2 protein chains.
Amino acid sequence: MSTIQSTEEIFVTTALKAWDQWTSRLSQFIDSLTDEQLLSPVAPGRNRAIYILGHLLVVNDAIISQLRLGESKHADLAAIFLTQPDGAVAELPSIHSLRDDWKALNAHLDTFFRELTPAQWLERHALVSEEDFAKDPTRNRLSILHSRTSHNAYHLGQLRLITKSE
Amino acid sequence: MSTIQSTEEIFVTTALKAWDQWTSRLSQFIDSLTDEQLLSPVAPGRNRAIYILGHLLVVNDAIISQLRLGESKHADLAAIFLTQPDGAVAELPSIHSLRDDWKALNAHLDTFFRELTPAQWLERHALVSEEDFAKDPTRNRLSILHSRTSHNAYHLGQLRLITKSE
């Protein structure tokens, strides 16, 4: 990092670095799983890894609309991976397409994230009204980034139980 | 939130709110577990919940020294809950004392966190040299907070497997 950043830029790049670290760990771990492992539950009777991957795809895809940056692409998958539990829908998208969509989404999010200025990160997110945001300015776009970073970590913790104890 | 905050304060309170949310979720979940559940592995052959609680206690206690705010109190527990795997040490601290220490630590951290100004949050953390920090100002105290917030989430995801599928 060689360019001099303003204080506000450092706040943003620090948060983005945390996103990058956890999302990279998660992606690397997903890449390390075989298709067979993806079809296994993370623990007996619990969600299958493929369900968690689809769930993360839906939740992180929704970041785009939650940041008021455009339309989410995978809202149709919410019925499989968000509003219903694993197993409720028999026919899932192919593992191959889920892996590809996950990679494409992360590249897409990365582009969006780099384009926002510090002032734009502190603007309202889409899940809060202008009125409520005026009362609580922490309900900003950056709060969505923080929340989704830890959501990635939450499910990485579960996925890791498939192959090793942590 | 009624007082008007500066832009820099909003960056900090947004990050602290994320810490509060995940730490509260984690603490509430730990409180909801019986002592018997704490002694169970989160999945067959994986870490016991009590090991994860002790591990979180050691890792979050270390935040104090990593932020250069004082001495960590529970460094002695690292030999049980950090550098060795679950089961390596037969004699653990009592569940009662771990629960108490967890609550006391969170209250303690909360006090420290509220006292730091935005400028102080952007100062170097203890794990990076002044030289390296000059090259990368994102290796600041706030980056430790981000990292530990998601680390809490990571292990909450695992603990939740004890009683329900998520």
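Phe81(B) has a relative accessibility of 0% and is therefore buried, where buried means under 20% relative accessible area, exposed means over 50% and partly exposed lies in between (1.4 Å probe, protein chains only). The model is predicted: local features need pLDDT of at least 70 and side-chain atom pairs count only at pLDDT 80 or more, while totals for chains, interfaces and linings use all residues. Residues are numbered from 1 along each chain as its sequence is written, chains are lettered from A and ligands numbered from 1 in the order in which they are written, and side-chain values use heavy atoms, with hydrogens and water left out.

A pair of aromatic rings is described by the distance of the centres and the angle of the planes. Rings of Phe, Tyr and Trp (its six-membered ring) pair if their centres lie within 6.5 Å; planes under 30 degrees apart count as stacked, over 60 as edge-to-face and the rest as tilted. By this rule there are 9 aromatic pairs over all chains. One of them joins Tyr51(B) and Phe81(B), with 5.9 Å between the centres and 55° between the planes, and is tilted. Tyr51(B) belongs to helix α3 (residues 49-66) of chain B and Phe81(B) to helix α4 (residues 78-81) of chain B, so the pair ties together parts that are 30 residues apart in sequence. Helices (H or I, at least four residues) and strands (E, at least two) are DSSP runs, numbered from the N terminus. Tyr51(B) is also buried, because its relative accessible area is 8%.

The rings of Phe113(B) and Trp121(B) are 5.6 Å apart at their centres, with planes at 55°, so this pair is tilted. Both Phe113(B) and Trp121(B) are buried. In chain A, ring pairs join Trp19(A), Phe113(A) and Trp121(A) into a cluster.

In soluble globular proteins, nonpolar side chains tend to be buried together. A nonpolar core is a set of buried Ala, Val, Leu, Ile, Met, Phe, Trp, Tyr and Cys residues joined through side-chain atoms within 4.5 Å. The largest such core has 94 residues, of which Phe113(A), Trp121(A), Phe113(B) and Trp121(B) touch the most other members. Leaving aside neighbours within four places in sequence, Trp121(B) is in contact (heavy atoms within 4.5 Å) with residues including Val12(B), Leu16(B), Leu67(B), Phe113(B) and Leu145(B).

Helix α3(B) is mostly covered, with 17 of its 18 residues buried. Just after α3(B) comes Arg68(B), with a positive phi of about 60°, although Arg68(B) is not a glycine. Arg68(B) lies in the loop between α3 and α4 of chain B and is partly exposed, because its relative accessibility is 35%. In chain A, Arg68(A) has a positive phi near 60° and counts as partly exposed at 37% relative accessibility.

A charge sits over a ring if NZ of Lys or CZ of Arg is within 6 Å of the ring centre and within 35 degrees of the ring normal. The charged end of Arg25(A) is placed in this way over Trp22(A), 4.4 Å from the ring centre. Arg25(B) lies over the face of Trp22(B), at 4.4 Å from the ring centre.
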